[in-house]
Amino acid sequence: MIRSDEFYMHRALDQAHLAADMGEVPVGAVVVDDGGRIIGEAGNAPVSSCDPSGHAEIRALRAAAQQLGNYRLSGCTLFVTLEPCMMCVGAMIHARLRRLVYAAAEPRTGMVESKANLLAQPWFNHAIDVEGGVLAGQSSRCLKAFFTARRDEAGR
């Protein structure tokens, strides 16, 4: 059963909250197949995994690929709570995702609309449909609360 973009973004927000509970920047992602089934989900974990590629998007894509037994995720949609960075956009193109849905824009490193639009470049052999701003307010509040608490803990 296929549900709304908001339903799946709430699942990604659940993953973001789990990441925050682990002391990671609260970004969450879920991968949904063309039948509406969540086949991969993850929160940020670069710190706890000592892995610079441990972004929520990468981890969710890996889980989905393992679930399908194929690194090509054709027909799948990635829902993520923050506009993806360059590394994550590259992984999405290689995975051949059908669609990307993200919540909040990332003005510093966002590579879908904020700093650049990598997905609109004509030299890529695959195009991904994009929808931004789904539950952006909730995602932004989660991130702001996390960083406010970190500054408070540091005594700033």
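This is a predicted model: local features need pLDDT of at least 70, side-chain atom pairs count only at pLDDT 80 or more; totals for chains, interfaces and linings use all residues.
**Exercise 1. Decide how the rings of Phe-146 and Phe-147 are arranged, and say whether each residue is buried or partly exposed.**

Start with the rings: their centres are 5.1 Å apart and their planes stand at 80 degrees. Planes over 60 degrees apart count as edge-to-face, so the pair of Phe-146 and Phe-147 is edge-to-face.

Next, look at accessibility. Phe-146 has a relative accessible area of 10% and is buried, while Phe-147, with 34%, is partly exposed.

**Exercise 2. Find which residues form a cluster of ring pairs, and which charged ends sit over the ring of Phe-7.**

First, the cluster: ring pairs link Phe-7, Tyr-8 and Phe-79. By the ring-pair rule, the count of aromatic pairs comes to 4.

Second, the charges over Phe-7. The charged end of Arg-3 sits over this ring, 4.6 Å from its centre. The charged end of Arg-11 also sits over the ring of Phe-7, at 4.7 Å from the centre.

**Exercise 3. Work out the strand order of the open sheet and name its edge strands.**

As a reminder, strands of a sheet pair through backbone hydrogen bonds, either parallel or antiparallel.

The edge strands are β2 (38-43) and β5 (129-132), each pairing on one side only. On average, neighbouring strands of this sheet are turned by 15 degrees against each other, direction ignored.

**Exercise 4. Describe how β3 and β4 are joined, and which helix lies across them.**

Strand β3 (residues 77-82) and strand β4 (residues 99-104) run parallel and are joined by 5 bridges. For Phe-79, the bridge partner in β4 is Val-101. Phe-79 is also a member of the ring cluster with Phe-7 and Tyr-8.

Helix α4 (residues 136-153) lies across β3 and β4 and runs at about 55 degrees to β4.

Notes: Residues are numbered from 1 along each chain as its sequence is written. Side-chain values use heavy atoms; hydrogens and water are left out. Two strands pair if DSSP finds at least two bridges between them. Helices (H or I, at least four residues) and strands (E, at least two) are DSSP runs, numbered from the N terminus. Axes are lines fitted to C-alpha atoms, for helices over the stretch in contact, and angles run from 0 to 180 degrees between N-to-C directions. Contact means heavy atoms within 4.5 Å. Rings of Phe, Tyr and Trp (its six-membered ring) pair if their centres lie within 6.5 Å; planes under 30 degrees apart count as stacked, over 60 as edge-to-face and the rest as tilted. Buried means under 20% relative accessible area, exposed over 50%, partly exposed in between (1.4 Å probe, protein chains only). A charge sits over a ring if NZ of Lys or CZ of Arg is within 6 Å of the ring centre and within 35 degrees of the ring normal.
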